[in-house]
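Have your viewer ready and follow along, one selection at a time. Each stop tells you what to pick and what you will find there.

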Amino acid sequence: MTSALTPCRSILIVDDEASVLSSLRRLLRHHNRDFQIQTVENGQAGLNWLKSNEAALILSDQRMPQMSGYEFLAQARQLQPDAIRVMLTGYSELESVVAAINEGHIYQYITKPWDDFQLALVVDQCLERYNLQKENRISRERLLDLMKHVNWGVVTFASDGTVAYVNDTFLEFLGRDRAEVQALVYESLLPDTVRHELEAQHKSTWTFVPNLKAVEHSFSVQRLGSSLDGGPMLLLRDRTDDEIFASAVEKLISNVTHELNTPLTSIEGYARLMKDKKTLTDAERFDFVDVILRQTRRLSGIIHNMLNLAEVSSGEQAVQIVDYDFHKMLQSSVDAAKPRAREKNINVIMAEETQKLAGQVPGDPLRLEQVLSNLITNAIKYSPPNTTITIEGGRGEQDYWFAVKDQGNGIPEVEQHKIFERFYRIENDVHTQEGLGLGLSLCKSFVDGHRGQIQLDSKVGKGSTFKVVIPTHKS
Ligand code: ADP
């Protein structure tokens, strides 16, 4: 199998004298058996052959009837611009040779009668030149292709500092269009501090708010000495996601450690107390076991959330849509929340209308029950004692919905879109309520999996309503 980089040794010879063709053929065959030699007796036949064959070298006589060597080579150049063109000519025709050279139609000429050794040498040089040029072109095309598709921003400069090449990723990073960037020079593209650092150690970071973006992005910049274009080459990598990821991992570790530690300390403390205290009243035993059970539940909640996070992150949380009993799902979430609500003397009720719901709806009942339970748990956590939480549900033509309405703290408007981000917790609650800041982000992922929406209506001091809408039509 031949690859694009296999050297080409195909030679086309055009001469109207059959004896010249056969002696050239013999000479070149003898010189190198790998040569693939094609001979034709006129320019037109040569052009026809070139339309469907690759030639590394085209050797043509100048003086031929119908089409001269000069004309033929000029047309051959249109068909295969990379082929090396050489003219065979007598001394008397040097004028056309000069014209052909000046116009770029030929690379070299050989005078007739030729010296065998010299002709073979010229042919070798021409083939080598052709294959080197081809290799360069292919390597350059591959490099350009690579630069076009990598998710690194790439920009190269000419020796005078002007931009020679810039890939789409780079333009995207800066939020600028090609013309804008091409009008810049090396000095004006980068801030002085970044440029000086690059000159000293070839690496730097560049932090700025790109055009059309709201948040600051952080890029690592690498400067490679000299590009194909004569000036330096810069590579940019967007590190913003890495930094967000690193800070998320940091937050996760510190939240999880804290969240696991608190219930564990409490379980251990009460278990030790039960072991050490000689006599326990029934009421004490009940209270201690109750604390242990509550804290165990809290631990398993954390582990459950972590497992869900792992699933969501690995993209394995695909929802399994089936027809399920909507009312039953609502009721089971309400029932599950009641013991916890009772501890704060909170009343969890299902709205009267919702009690009458009947029939099946499409969705993933396990995931949606998880969503509803999370919303009710939050409502309990972030509501003062002696309040009421109302669960509502309903069906429309294109969708169905359920909502959790509390009489709790409420959520300030500026925080409302942030609380759906992973690990985000409102500052005040961090110190007063346990939590990982994961519940709502998981709810959102599960609802997104249904192509549904999660809406929030909240007023500080009055309470919050989280509403989930799930479409029933298949799209
Ligand atoms: P967690 O409860 O573990 O902190 P969530 O992702 O469930 O994490 O919630 C994120 C934040 O949103 C909470 O820390 C809290 O500040 C706020 N929040 C969620 N639900 C309510 C609610 N019903 N009332 C008031 N604040 C809420």
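## Start at a helix crossing

Helix H11 covers residues 282-313, and its axis lies 10 Å from that of H16 at an angle of about 45 degrees. Axes here are lines fitted to C-alpha atoms, for helices over the stretch in contact, and angles run from 0 to 180 degrees between N-to-C directions. H11 and H16 are therefore oblique to each other; angles under 35 degrees count as roughly parallel, over 145 as roughly antiparallel, 65 to 115 as roughly perpendicular and the rest as oblique. Helices (H or I, at least four residues) and strands (E, at least two) are DSSP runs, numbered from the N terminus.

A word on what you are looking at: this is a predicted model, in which local features need pLDDT of at least 70, side-chain atom pairs count only at pLDDT 80 or more, and totals for chains, interfaces and linings use all residues. Residues are numbered from 1 along each chain as its sequence is written.

The axes of H14 and H16 come within 9 Å and cross at roughly 150 degrees, so H14 and H16 are roughly antiparallel to each other.

## Around the ligand

How many residues surround the ligand? There are 20, and the closest are Tyr-382, Ile-426, Gly-435, Gly-439 and Leu-440. Helix H14 (365-381) and helix H16 (439-449) are the elements that give two or more residues to this shell. H16 gives the most, with three residues.

Colour the shell by residue type and you get nine nonpolar, eight polar and three charged residues. In this scheme Ala, Val, Leu, Ile, Met, Phe, Trp, Tyr, Cys and Pro count as nonpolar, Asp, Glu, Lys and Arg as charged, and the others, Gly among them, as polar.

## The mixed sheet

Now select the five strands of the open sheet ordered S12-S14-S15-S17-S16, whose pairing is mixed. Two strands pair if DSSP finds at least two bridges between them. At the edges are strand S12 (347-350) and strand S16 (453-459), each pairing on one side only. From one strand to the next, the twist averages 15 degrees.

Zoom in on S12 and strand S14 (residues 388-395): they run parallel and are joined by four bridges. Met-350 stands opposite Ile-391 in S14.

## The antiparallel sheet

Move on to another open sheet, with five strands in the order S7-S6-S10-S9-S8 and antiparallel pairing. Strand S7 (163-166) and strand S8 (203-208) stand at its edges with a single partner strand each, so one side of each has no neighbour in the sheet. Neighbouring strands are turned by 25 degrees against each other on average, direction ignored.

Select S8 with strand S9 (residues 217-224), which pair in the antiparallel sense over six bridges. Which residue is the bridge partner of Phe-208 in S9? Look for His-217. Along the pair, Trp-206 stands opposite Phe-219.

Then follow the hairpin of five residues that joins S9 to S10. Strand S10 (residues 230-238) runs antiparallel to S9, again with six bridges, and Arg-223 has Leu-234 as its bridge partner in S10.

## Two backbone details

Most residues other than glycine have a negative phi, and most peptide bonds are trans. Select His-202, in the loop between helix H9 (192-201) and S8: its phi is near 65 degrees, a positive value in a residue other than glycine.

Then pick Lys-112 and Pro-113, which are joined by a cis peptide bond with omega of about -10 degrees. Pro-113 is found in the loop between strand S5 (108-111) and helix H5 (116-149).

## Zoom out

Finally, colour the chain by domain: domain 1 (10-138), domain 2 (150-238), domain 3 (244-313) and domain 4 (322-471). These bounds come from an automatic or database domain assignment. The C-alpha centres of domain 1 and domain 4 lie 82 Å apart.

Note on methods:
A residue is near a molecule or strand if its C-beta atom, placed from the backbone, lies within 6 Å of it.
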